[in-house]
Amino acid sequence: MMNKLYIGNLSPAVTADDLRQLFGDRKLPLAGQVLLKSGYAFVDYPDQNWAIRAIETLSGKVELHGKIMEVDYSVSKKLRSRKIQIRNIPPHLQWEVLDGLLAQYGTVENVEQVNTDTETAVVNVTYATREEAKTAIEKLSGHQFENYSFKISYIPDEEFVGAIIGKEGLTIKNITKQTQSRVDIHRKENSGAAEKPVTIHATPEGTSEACRMILEIMQKEADETKLAEEIPLKILAHNGLVGRLIGKEGRNLKKIEHETGTKITISSLQDLSIYNPERTITVKGTVEACAHAEIEIMKKLREAFENDMLAVNTHSGYFSSLYPPHQFGPLPHHHSYPEQEIVNLFIPTQAVGAIIGKKGAHIKQLARFAGASIKIAPAEGPDVSERMVIITGPPEAQFKAQGRIFGKLKEENFFNPKEEVKLEAHIRVPSSTAGRVIGKGGKTVNELQNLTSAEVIVPRDQTPDENEEVIVRIIGHFFASQTAQRKIREIVQQVKQQEQKYPQGVASQRSK
């Protein structure tokens, strides 16, 4: 999820392009559109580390059209609650000292260190009450500690998350029991984000019932805390499916709105990026109306998803990883291919430092985010133009890790701004399946290239390695490469299943 930042004290002369240029010049490229108002603006960042870097780099330090910018998390006064972020903490400060300092202003429920690439430390602190958090901000802002001055911000709280989980997890257990579902709340992936995605794994009926129960809990919490009057339902869906939900001239969407009594909006195409291939469907109305709309929306998305599966004649690997499961909630997600995969991705030599980060901070953070092992192979010589990144992990981890690497190369300007990032990836397949990947007269590989827009090369004269495997080369932009990887893995899996079914070969089966 995105971290929304507020940019204040702007001159009326400032344009959205001015802000994009300024952020880009400081290597802080924006993930989506700039929402510009009179005297202020809002921008999004895909993770908290980037948001912190933008605040630290720009706030109170950069002049634009004669005025010094203010940059901070976008948390309205109404939503300021118990959670604050403290930055610029001396890296050698003992935890006991910090805990003692924080405890002077109230009961501290949680202190969580944020992994950043800054030299100083950053923590997110949750107090027991809003009043205590307010006092801590007032007393600690600018607090001097050995020539370090603390910088403090309100950050979005997780009021609704706590209500959904319930005391000792009883509420969420009740939801899963009644609906025969599994409900995952993604709290840790992005601790500073204003919203937390919730994944529901169940039948369509179970998913819709769990969704309705969660909406009821959130509305009750909003009524009691007076945090908001109406709680919208937000559904994440891959951009590849959204057009068919909207329908020709918006007919499908208008029909759902009319039948359910809701107002439905869909986030702009401009918000899409290498980090964010999905769009947000926002549904506003009563809880019952939103729950009814969710059923109809998910019907359309499932229908589009299933049609896509039929169109490419695949039943597992490609779509379940190209469209990771959290983006759809209840859509089918099968793993019929090996869980661990190895992909060798080739990046420009001069980009190695950016991928590794200071003292290895970026590559470690990337590995944690993706759930993959990521290593950079030693250079094969002093003047090589490319280096090999070895990524090991399941399909969804591959999607996340490769996506972040493509995105990093774009934002660090290793490619021309108008040029699409295209990288070469190598995957190994059993030599016995290489012919199937190529197809008769090259038919399969040609169809694969037409489908994915990637260049796929299967060298015919390649000598298999000790594992009887050969390399398939895939060259293309991120989504093209991902599609080709998934389709090739699917072909390999189909061959393996056939070999398991007829272990002695087709000829011996016939001769019996």
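This is a predicted model: local features need pLDDT of at least 70, side-chain atom pairs count only at pLDDT 80 or more; totals for chains, interfaces and linings use all residues.
Before you click: residues count from 1 along each chain as its sequence is written, and side-chain values use heavy atoms, without hydrogens or water. Local features need pLDDT of at least 70 and side-chain atom pairs 80 or more, while totals for chains, interfaces and linings use all residues.

Start with the rings. Searching the whole structure turns up six aromatic pairs, where Phe, Tyr and Trp (its six-membered ring) pair if ring centres lie within 6.5 Å; planes under 30 degrees apart are stacked, over 60 edge-to-face, the rest tilted.

Select F399 and F478. Their ring centres are 5.3 Å apart with planes at 65 degrees, so call this one edge-to-face. F399 belongs to helix α14 (residues 395-411) and F478 to helix α17 (residues 478-501), so the pair ties together parts 79 residues apart in sequence. Helices here are DSSP runs (H or I, at least four residues), numbered from the N terminus. Both F399 and F478 are buried, meaning under 20% relative accessible area with a 1.4 Å probe, protein chains only.

Next, show α14 on its own. Of its 17 residues, 14 are buried, so the rest of the structure largely encloses α14. Just past the helix, pick N413, which has a positive phi of about 65 degrees.

Last stop, charges over rings (NZ of Lys or CZ of Arg within 6 Å of the ring centre and within 35 degrees of the ring normal). K400 lies over the face of F369, 5.5 Å from the ring centre. Then jump to R53, whose charged end sits over the W50 ring, 4.1 Å from its centre.

How values were computed: Helices (H or I, at least four residues) and strands (E, at least two) are DSSP runs, numbered from the N terminus. Buried means under 20% relative accessible area, exposed over 50%, partly exposed in between (1.4 Å probe, protein chains only).
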